[in-house]
Amino acid sequence: MPWNLEVDEIVFVKEGNFRLIADGETYQCAEGDVLYMPKGMDVKYECDEKCIIFYAVYPVDWKQRLGIKEVPGIDPEDM
């Protein structure tokens with residue numbers, strides 16, 4: 001899922017292996033890894049098999065600030 005970050009983001013890999021491509025650099029991440037990505041980065045999230053991640057963003061009301069109602073790859077019910 002390619003995305004240009006409009007906010008600061010932290011990702012925690014809870015299970016599995018997760019690959020982050022950020023501004024052309026590839027980061028292979030495993031269970032327990034934590035990533036910080038500042039606003040403005042071009043990112044792409046990938047995994048070869050199922051993985052579970054937790055992410056947090058700042059500011060929390062970024063969708064409302066930007067007028068976004070739906071984000072590709074995220075359930076609209078979560079908005």
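This is a predicted model: local features need pLDDT of at least 70, side-chain atom pairs count only at pLDDT 80 or more; totals for chains, interfaces and linings use all residues.
Student: Let us begin with Arg-19. Where is Arg-19 placed?

Tutor: Start with the secondary structure element. Arg-19 lies in strand 3, residues 18-22.

Student: Does Arg-19 count as buried or exposed?

Tutor: Look at relative accessibility. The cut-off for buried is under 20%. Arg-19 has 15%, so Arg-19 counts as buried.

Student: Which side chains make a polar contact with Arg-19?

Tutor: Look for paired N or O atoms. The side chain of Glu-46 joins that of Arg-19 at 2.7 Å. The side chain of Asp-48 makes a polar contact with that of Arg-19 at 3.0 Å. Beyond four places in sequence, Arg-19 is also in contact with other residues, including Thr-26, Tyr-27 and Gln-28.

Student: How many salt bridges does the whole structure hold?

Tutor: A search finds four. In one of them, Arg-19 pairs with Asp-48, with the closest N and O atoms 3.0 Å apart. This pair links distant parts of the chain, 29 residues apart. Arg-19 is in strand 3, while Asp-48 sits in the loop between strand 6 (42-46) and strand 7 (52-58).

Student: Which residues are linked in a network of salt bridges?

Tutor: Follow shared partners. The network links Arg-19, Lys-44, Glu-46 and Asp-48. Within it, Glu-46 bridges to Lys-44 at 3.4 Å between the closest N and O atoms. Glu-46 is partly exposed at 21%, and Lys-44 is partly exposed at 34%.

Student: What is the N to O distance between Asp-61 and Arg-65?

Tutor: Their side chains meet in a salt bridge at 2.8 Å. Asp-61 is partly exposed, at 30%. Arg-65 is exposed, at 61%.

Student: Last, the surface. Which residues make the nonpolar surface patch?

Tutor: Ile-10, Phe-12, Val-34, Tyr-36 and Phe-54 make a patch of about 520 Å². Strand 2 (8-15) and strand 5 (34-37) each supply at least two of its residues. Take Val-34, in strand 5. Val-34 counts as exposed because its relative accessibility is 54%.

Definitions and conventions
Residues are numbered from 1 along each chain as its sequence is written. Side-chain values use heavy atoms; hydrogens and water are left out. Helices (H or I, at least four residues) and strands (E, at least two) are DSSP runs, numbered from the N terminus. Buried means under 20% relative accessible area, exposed over 50%, partly exposed in between (1.4 Å probe, protein chains only). A polar contact is a pair of N or O atoms within 3.5 Å; within protein, one must be able to donate a hydrogen and the other to accept it, and residues adjacent in sequence count only if both atoms are side-chain atoms. Contact means heavy atoms within 4.5 Å. Patches are made of residues with over 30% relative accessible area and no salt bridge: like charges are joined within 9 Å, nonpolar side chains (Val, Leu, Ile, Met, Phe, Trp, Tyr) within 5 Å. Accessible areas come from the Shrake-Rupley method with a 1.4 Å probe; for residues, only the protein chains shown count as cover.
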